[in-house]
Amino acid sequence: AQNIIGMDKEIRKQKTTLQNLQTQRNQVAKQIGHLKSSKGNCDSLMLEAENLRHLSAQLEKEIIKLEA
């Protein structure tokens, strides 16, 4: 029973982290949109968005494994 509770806590923690990453990604996407509309350079933000996407994908895989 303790193991199940521990797994549940870990899954919830990972899901919260994933939601935070998605929020960050959305904020970066908005910044990219603003920079593109003003013809600014958004290369560093594009890289950050890609890194956040990659981290989110990895975390999603971990969550799936934990839930299995």
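Visitor: Is the crossing of H1 and H2 left-handed or right-handed?

Guide: This is a predicted model, and in it H1 and H2 make a left-handed crossing. By class, the contact between H1 and H2 has 15 nonpolar, 6 polar and 9 charged residues.

Visitor: At what angle do the axes of H1 and H2 cross, and within what distance do they come?

Guide: The angle is roughly 160°, and the two axes come within 9 Å. Angles over 145 degrees count as roughly antiparallel, so that is how H1 and H2 lie to each other.

Visitor: Let's take H2 by itself. What does H2 reach from its first C-alpha to its last?

Guide: With this kind of check, you set the span against what 1.5 Å a residue would give. Helix H2 runs over residues 43-67, which is 25 residues, and reaches 36 Å, close to the 36 Å expected.

Visitor: Which residues of H2 are buried?

Guide: For burial, the cut-off is under 20% relative accessible area. In H2 the buried residues are Leu45, Ala49, Leu52, Ser56, Leu59 and Ile63. Helix H1, residues 2-37, is included in what covers them.

Visitor: Why does Ser56 count as buried?

Guide: Ser56 sits in helix H2. Its relative accessible area is 2%, and under 20% counts as buried, so Ser56 makes the list.

Visitor: And what is Ser56 in contact with, leaving aside its neighbours within four places in sequence?

Guide: With those neighbours set aside, Ser56 is in contact with Leu18, Leu21 and Arg25.

Notes
Residues numbered from 1 in each chain as written. Predicted model: local features only at pLDDT ≥ 70, side-chain atom pairs only at ≥ 80, totals over all residues. Heavy atoms only, no water. Helix = DSSP H or I, 4+ residues; strand = E, 2+ residues; numbered from the N terminus. Expected span 1.5 Å × (residues − 1). Buried < 20%, exposed > 50% of the residue type's maximum accessible area, 1.4 Å probe, protein only. Contact = heavy atoms within 4.5 Å. Axes fitted to C-alpha atoms, helices over the stretch in contact; angles between N-to-C directions. Parallel < 35°, antiparallel > 145°, perpendicular 65-115°, else oblique. Left-handed = near helix turned anticlockwise from the far one by under 90°. Nonpolar A, V, L, I, M, F, W, Y, C, P; charged D, E, K, R; others polar.
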